[in-house]
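The sequence and structure come first.

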Amino acid sequence: MPTIALIAHDGKKADMVAFATYNRERLKTYNLVATASTGKLLSEKVGLPVRCMASGPYGGDAQIGALVVTGEIDAVIFLVDPLDKHPHDPDIQMLMRLCNVHNVPLATNVATADCLITVGDLLPVMGKPLSLLDLSQS
């Protein structure tokens, strides 16, 4: 089962809850990993099982980044609040960079999160070079 990481800045937590509520049935088909407060909200408000890491400012973004590097994360939905300052901005940039380096799909707003979850059946093959895919069944 593919794994999706879910992260939301404080100013975007309500958007994440709304997104997850709307997509609850689809999200249930994935392993979910989240930073602490986002994961707690998704578990309590939406009823989704979530593996929680540390809070973002306490290393949660870095923990998820490590999972991206080891290939344990198939996609990241990180609802970023671009109008607020974040003391752990280097960790945020590191996570985004690791998604780009390792070719892991990354959604940073609800519009791209909707696109990502809509093509979710492709997550096991997204990010893999075409040379590694078995295209003979097409």
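A nonpolar core is a set of buried Ala, Val, Leu, Ile, Met, Phe, Trp, Tyr and Cys residues joined through side-chain atoms within 4.5 Å. Buried means under 20% relative accessible area, exposed over 50%, and partly exposed in between, with a 1.4 Å probe and protein chains only. The model is predicted, so local features need pLDDT of at least 70 and side-chain atom pairs count only at pLDDT 80 or more, while totals for chains, interfaces and linings use all residues. Residues are numbered from 1 along each chain as its sequence is written, and side-chain values use heavy atoms, with hydrogens and water left out.

**Overall layout**

The protein has six helices and five strands; helices (H or I, at least four residues) and strands (E, at least two) are DSSP runs, numbered from the N terminus. Along the sequence these elements follow the pattern β-α-α-β-α-β-α-β-α-β-α. Of the 138 residues, 43% count as buried. Contact means heavy atoms within 4.5 Å. Among contacts between residues at least 6 apart in sequence, 69% join residues at least 24 apart.

**The cores**

The largest nonpolar core has 22 residues, and those with the most contacts inside it are Ile4, Leu6, Met16, Leu27, Leu32 and Ile77. At least two residues of this core come from each of strand E1 (3-8), helix H1 (13-22), strand E2 (31-34), helix H3 (36-46), strand E4 (75-79) and helix H6 (110-118). H1 gives the most to this core, with four residues. Apart from this core lies another, of 17 residues, including Ala5, Ile7, Ile64 and Val104.

Not counting residues up to four places away in sequence, Met16 touches Leu6, Ile7, Ala8, Thr38, Leu42, Ile77 and Leu79. Leu42 lies in helix H3 and counts as buried, at 0% relative accessibility. With the same exclusion of residues up to four places away in sequence, the contacts of Leu42 are Leu6, Met16, Ala20, Gly47, Leu48 and Val50. From C-alpha to C-alpha, Leu42 and Met16 are 8.2 Å apart in space, and they are 26 residues apart in sequence.

**Helix packing**

Two packed helices are described by the angle between their axes and the distance between the axes. Axes are lines fitted to C-alpha atoms, for helices over the stretch in contact, and angles run from 0 to 180 degrees between N-to-C directions. Angles under 35 degrees count as roughly parallel, over 145 as roughly antiparallel, 65 to 115 as roughly perpendicular and the rest as oblique. A crossing is left-handed if the near helix is turned anticlockwise from the far one by less than a right angle, and right-handed if clockwise.

| Helix pair | Axis distance | Axis angle |
|---|---|---|
| H1 and H3 | 10 Å | about 45° |
| H4 (residues 60-69) and H5 (residues 89-101) | within 9 Å | roughly 15° |

H1 and H3 are therefore oblique to each other, and H1 passes H3 in a right-handed crossing. On the H1 side the contact is made by Lys13, Met16, Val17, Ala20 and Thr21, and on the H3 side by Ser37, Thr38, Leu41, Leu42, Lys45 and Val46. By class, this contact has six nonpolar, three polar and two charged residues. Here Ala, Val, Leu, Ile, Met, Phe, Trp, Tyr, Cys and Pro count as nonpolar, Asp, Glu, Lys and Arg as charged, and the others, Gly among them, as polar.

H4 and H5 are roughly parallel to each other, and H4 passes H5 in a left-handed crossing. H4 brings Asp61, Ala62, Ile64, Gly65, Val68 and Val69 to the contact, and H5 brings Asp91, Ile92, Met94, Leu95, Leu98 and Cys99. The residues of the contact of H4 with H5 divide into nine nonpolar, one polar and two charged.

**Loop residues**

Asn23 is found in the loop between H1 and helix H2 (24-27). Asn23 is buried, with a relative accessible area of 7%, and touches Asp114 and Ile117, not counting residues up to four places away in sequence.

Gly59 lies in the loop between strand E3 (51-52) and H4. Its relative accessibility is 19%, so Gly59 counts as buried. Gly59 and Asp91 are 32 residues apart in sequence and 7.7 Å apart in space, C-alpha to C-alpha.

Asn103 lies in the loop between H5 and strand E5 (106-107). With a relative accessible area of 48%, Asn103 is partly exposed. Phi of Asn103 is near 55°, a positive value in a residue other than glycine.
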